Amino acid sequence: MKIKTTLHLNILIVIVLLCLMILVLFWGIRQIETANQKENIMDQIVSDVFHLNLLTNEFLLYREKRAKEQWQLVLESLSKRVQTNMFRKNEDLNALKKMKENIESLQKSFSVLVYNYGDRNNPYKSPMSALLEEQLISQLLIKSQSLVNFAEQLRGRKKLEISAVLENLTLGIIILMLAITLAILASLIMTSRKILHPLDAFQSGILKIGSGDLAHKMGIISKNEIGELSAAFDQMTEKLKASYDLLKREINLRKQGQELVYELNRELEKRAEALERSNRELQQFAYVASHDLQEPLRMVVSYMGLLERRYQDKLDQDASEFIGFAVDGAKRMQQLIEDLLEYARVESRGKPFVPCDCTEIFNQVMIDLQNRIEESNAKVIQHGLPVVKADGSQLERLFQNLIGNAVKYNSNPVPEVKVAAEKRNNEWLFSVQDNGIGIAEEHFDRIFIIFQRLHTRNEYSGTGIGLTICQRIVERHGGRIWVESELGKGSTFLFTIPIQGEGDEQIEQEAD
């Protein structure tokens with residue numbers, strides 16, 4: 001049962017008991033008032049009887065008409081009082097009946113007495129004897145006394161009734177008070193058992209859950225609001241425990257992840273140290289290559305040339321060919337060393353990024369490649385090149401390598417190269433498109449590996465490091481480079497440069 005319903009029921013029981021007590025009080029008061037009214041009637045009857053006796057004696061002494069008339073009036077009043085309908089008990093009704101009979105007998109005796117004593121000069125009436133007079137007077141006194149006795153009996157019974165009513169009223173009030181007390185005690189006991197005890201258990205459970213015991217169950221089995229609250233709280237703690245377990249697992253995973261990140265950071269630090277050491281060694285190698293290695297090669301080339309010029313007439317054709325091979329090898333070695341040195345300097349000697357106009361860089365590249373372009377009868381155009389933040393010298397080297405390769409690896413009578421750019425999201429997408437010999441798909445990744453060549457030196461010159469340098473330049477600028485091509489149908493090299501500031505803006509222009 002709901003707590004609200006229980007409280008309402010207890011209040012209703014107490015109200016009903018209070019109403020019953022009020023009704024009992026009202027009934028007792030009514031009974032007492034009725035008994036008092038009956039007792040008053042009996043007192044008036046006794047008073048009237050005594051008054052009749054006085055008037056009778058007065059009439060016998062003085063024979064006055066006034067006494068007779070008053071006697072009649074008092075008798076009529078007495079008759080009316082006896083005619084009351086307030087009495088319901090049989091014994092009371094029998095007493096009233098006898099009183100009525102006595103009143104009638106009393107009236108007859110007084111009438112006879114009045115008739116004989118009231119008109120002594122009547123010739124048709126003889127005077128009563130003294131004996132008859134005494135009999136009539138005795139009869140009147142006996143009837144009057146009988147009326148008094150009956151009235152006293154009735155009055156005594158009414159007093160007893162009042163006492164009984166008071167006792168019953170007191171007993172009823174005591175019983176109702178006990179009932180109200182028991183109802184209140186039962187309500188308190190029920191409240192303690194169904195509300196206070198569950199609330200204590202609920203509070204104890206909350207303290208346990210608050211201390212961290214999320215597996216604790218309230219265990220309150222009740223059909224009232226506290227039971228529903230306990231069930232809801234158990235469901236909440238189950239969900240909270242599931243969330244806590246999930247959070248705990250996530251924390252453990254995060255700790256493991258942090259430990260893994262820590263280990264990875266340590267590994268990265270080690271690799272960074274190794275990379276830094278490798279860079280230092282590479283820079284040292286570049287220094288050595290630029291000074292120590294190139295100097296002997298220059299001496300070899302110089303003395304081979306001197307040997308060829310001085311002893312040209314004394315050497316046969318095979319010796320001259322051998323000297324040519326040696327000079328060519330030394331020159332190719334010099335070119336390899338210079339390319340390696342340039343590859344190493346992409347990171348070590350790179351310049352800060354500043355706004356660079358790609359159109360101006362393109363024009364400078366056209367000047368640098370002018371002879372090669374004119375020899376191959378090539379046509380190179382550009383469209384929509386922007387201003388980007390970059391290392392200008394490296395960007396120039398990037399364009400020079402890509403455009404140079406597009407012209408070199410082309411067997412058409414009129415090689416065509418198109419350089420363009422477009423903005424995509426937060427970066428610029430550059431493209432260098434040609435109509436050259438194309439590249440097979442299986443070589444798309446190989447061409448960006450250092451010293452990897454798809455053709456022999458007799459077919460196309462070069463060291464195989466140009467595209468590797470392009471890739472390193474693009475990656476330093478935070479972009480990526482790839483190729484889209486089909487063998488025999490030309491190639492398109494694409495690379496991206498991220499937009500890094502307000503200096504990146506497109507200059508819409510086209511140059512022949």
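S491 sits in strand β7, which spans residues 491-498. Helices (H or I, at least four residues) and strands (E, at least two) are DSSP runs, numbered from the N terminus. This is a predicted model: local features need pLDDT of at least 70, side-chain atom pairs count only at pLDDT 80 or more, and totals for chains, interfaces and linings use all residues. Residues are numbered from 1 along each chain as its sequence is written, and side-chain values use heavy atoms, with hydrogens and water left out.

Why does S491 count as buried? Its relative accessible area is 5%. Buried means under 20% relative accessible area, exposed over 50%, and partly exposed in between (1.4 Å probe, protein chains only). Leaving out residues up to four places away in sequence, S491 touches several others, including V432, D434, I439 and V483. Contact means heavy atoms within 4.5 Å.

Strand β6 covers residues 481-485. It runs antiparallel to β7, and five bridges join the two. Two strands pair if DSSP finds at least two bridges between them. E484 stands opposite T492. In the hairpin, five residues lie between the strands, and G488 there has a positive phi near 85 degrees.

Which residues of β6 are on its covered face? They are I481, V483 and S485, while W482 and E484 form the uncovered face. In a regular strand the side chains alternate between the two faces of the sheet.

Helix α10 (residues 466-476) has eight of its 11 residues buried, so it is largely enclosed by the rest of the structure. Among the buried ones are L467, I469, C470 and V474. Just after α10, G478 takes a positive phi of about 80 degrees.

N401 belongs to helix α9 (residues 392-408). Beyond its neighbours within four places in sequence, N401 contacts G466, I469 and C470.

| Residue | Relative accessible area |
|---|---|
| C358 | 0% |
| C470 | 0% |
| N401 | 10% |
| S491 | 5% |

**Helix α7**

Helix α7 runs over residues 358-368. Its buried residues are C358, T359, I361, F362, V365 and M366. Seen down the axis of α7, these fall within an arc of 160 degrees, so they line one face of the helix. The arc is that of the directions from the helix axis to the C-beta atoms. E360 and I367 are exposed on the other side. An α-helix has 3.6 residues a turn, so residues three or four places apart point the same way. At the start of α7, a side-chain oxygen of D357 comes within 3.1 Å of the backbone nitrogen of T359.

How many disulfides does the whole structure hold? The search finds zero. A disulfide is a pair of cysteine sulfur atoms within 2.5 Å. The sulfur of C358 is 7.3 Å from the closest cysteine sulfur, in C356, too far for a bond.

**Confidence**

The mean pLDDT of the protein chain is 77, and 79% of its residues reach 70 or more. pLDDT is the predictor's confidence in each residue, from 0 to 100. Over residues 119-126 the pLDDT is below 50, and this stretch has five contacts in the model beyond near neighbours in sequence. Residues 505-512 also stay under 50, with 23 contacts beyond four places in sequence.

Conventions: A polar contact is a pair of N or O atoms within 3.5 Å; within protein, one must be able to donate a hydrogen and the other to accept it, and residues adjacent in sequence count only if both atoms are side-chain atoms.
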